[in-house]
Amino acid sequence: MAYLQTSIATHYHERTKYHPETIASKNKALDWANQPSPFKEYKIGNAIDLKPYLSEERGTSSEPSDRNWRRLSRLLFCSYGLTAKLPTMGAPVYLRAAPSAGGLYPAEVYLISRGTPLLGAGLYNYQPQNHSLIHFWASEVWNDLQAACFWHPALENTQLAIVTTAIFYRSAWRYEDRAYRRIFLDTGHLLGNIELASAMNDYRPHLIGGFRDRAMDALLYLDPEQEGVITVIPLADLLDIRQHLPSGTTALASDIQTQYPEIPDGDLLGYFHQATEIDRAEPPAPPERVEEAISLEDKYNFPFCLKISTKTNPIDWGERLSELESTILRRRSTRAYTGEELTLEELKALLNFTYHPEDYIDQGLDLSPDYFDLDLIETFVAVSGVTGLEEGCYYYAPKAQELRQIRFKNFRRELHFLCLGQELGRDAAAVVFHTADLQKAIAKYGDRAYRYLHMDAGHLGQRLNLAAIHLNLGASGIGGFFDDQVNEVLGIPEDEAVIYITTLGRPRYH
């Protein structure tokens with residue numbers, strides 16, 4: 001029997017919140033006997049080794065095919081390649097270019113080719129463990145891809161598309177139903193890398209989040225109970241003038257489901273994912289225009305509050321973005337901070353790279369990279385130790401490029417508590433909170449909005465990560481926190497759902 005309730009997205013968000021009174025019951029022993037592998041294996045298919053094209057010799061080759069292989073090889077390696085191998089008592093742990101909660105890496109990366117001199121038509125899976133492609137289906141599928149994406153204009157003249165998926169159990173093994181949040185934050189990290197790695201290699205990714213889910217799953221021969229398509233990303237080759245495309249519609253709305261049965265723990269993630277799917281022959285109608293309430297940018301613009309301009313010079317990423325590539329490959333999530341202060345100029349540089357890509361067009365980066373809907377994401381910064389900036393909680397107004405103080409105190413002790421007792425929250429110099437008005441987002445994009453919000457927050461978080469590493473600072477994302485208490489302590493409006501937390505500070509090296 002179905003019950004009339006709030007939307008399934010609201011239900012999922014409320015039900016997967018952490019609370020101080022019940023958090024202990026959430027810490028169940030891990031089932032080590034059923035620990036998932038972070039790598040997908042194919043028993044059939046032709047392997048294409050991409051490692052040779054990372055070498056300097058191939059990189060300077062005048063052969064067009066070598067140059068194109070190198071571009072594709074670098075794009076995939078800088079997006080999701082293995083960057084370190086850590087020995088452990090058991091199997092070694094491999095780190096990748098994109099961060100993942102718990103090092104579980106639920107994402108898989110596929111390539112779909114229309115048929116090019118480089119890649120024959122068909123389906124390819126990227127194998128990060130040996131930096132290769134497996135051509136597991138050699139047949140024309142582009143027409144099916146276009147149909148599943150409602151004939152998106154970015155697929156008309158492009159020849160390659162990246163598809164990211166999620167293998168749900170990889171993350172749910174540890175984080176259970178709340179893993180759905182982390183899966184989409186992880187995908188956002190990956191999207192940040194794909195955006196930047198594409199720019200470094202003369203591609204322009206066109207992000208598509210609205211597609212017929214089951215058609216895409218079937219196209220890649222996925223078991224939708226185990227793995228689902230999350231994004232489709234046509235790759236425009238900027239060296240081919242015919243592929244210089246305007247940006248198309250990135251996000252489409254799903255239905256809003258308000259009738260659903262009682263869902264037992266452990267089944268909520270799978271049920272919610274299916275509820276956010278789009279299943280129709282024709283594209284959904286464009287989101288209805290929602291009457292806009294006063295924006296937070298206006299709301300936190302009191303004449304008496306402390307306002308700090310964040311305008312600054314952009315980070316210099318070096319000739320041909322060489323320093324950006326090295327930063328992506330050496331990025332690590334910070335394990336501990338010293339508690340020392342950042343400078344105000346460092347904080348400005350972090351915010352500038354994250355929120356103002358237009359300042360980096362002269363360096364070859366995308367003027368306006370694809371997000372789903374950044375107007376739905378708000379940013380607050382809890383400052384514990386920034387030289388030249390008073391302690392407290394600030395609202396960041398990206399259009400005005402201002403930090404506006406809304407709370408006046410040092411929050412180190414509270415941040416330690418809010419981040420589930422993690423010392424990262426206590427010792428960070430600044431903590432960035434990404435939030436969203438969940439009901440407003442659902443009204444615009446249906447229950448699928450939950451996907452978009454977390455991917456956009458993860459994308460922003462990855463830009464923060466990379467800017468911090470480049471400046472020899474530390475950064476670490478936190479997806480586990482006491483949801484309601486964050487709003488109460490920092491003075492964030494109750495209708496703002498906390499989506500993601502990024503801690504920033506000076507790293508302690510062990």
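Leaving aside its neighbours within four places in sequence, R170 touches P36, S37, P38, F39, K40, L104, Y105, P106, A107 and E108, where contact means heavy atoms within 4.5 Å. This is a predicted model, in which local features need pLDDT of at least 70 and side-chain atom pairs count only at pLDDT 80 or more, while totals for chains, interfaces and linings use all residues. Residues are numbered from 1 along each chain as its sequence is written, and side-chain values use heavy atoms, with hydrogens and water left out.

R170 sits in helix α6 (residues 168-175); helices (H or I, at least four residues) and strands (E, at least two) are DSSP runs, numbered from the N terminus. With a relative accessible area of 2%, R170 is buried (buried is under 20%, exposed over 50%, partly exposed in between, with a 1.4 Å probe and protein chains only).

Seven strands make up an open, antiparallel sheet, in the order β12-β17-β16-β14-β18-β20-β19; two strands pair if DSSP finds at least two bridges between them. At the edges are β12 (307-309) and β19 (474-478), each pairing on one side only. β12 is joined to β17 (residues 402-407) by three bridges, running antiparallel, and I308 faces L403 in β17.

What about β18 (430-437)? Seven of its eight residues are buried, so β18 is largely enclosed by the rest of the structure. Strand β14 (residues 377-383) pairs with β18 over seven antiparallel bridges, and I377 has A436 in β18 as its bridge partner. β18 and β20 pair over eight bridges, also antiparallel, with V432 opposite T502 in β20.

Helix α15 (residues 438-445) lies across β18 and β20 (496-505), at about 45° to β18. Axes are lines fitted to C-alpha atoms, for helices over the stretch in contact, and angles run from 0 to 180 degrees between N-to-C directions. The axes of α1 (residues 8-15) and α15 come within 10 Å and cross at roughly 150°. That makes α1 roughly antiparallel to α15 (under 35 degrees is roughly parallel, over 145 roughly antiparallel, 65 to 115 roughly perpendicular, the rest oblique). A9, T10 and H13 in α1 meet L438, Q439 and I442 in α15.
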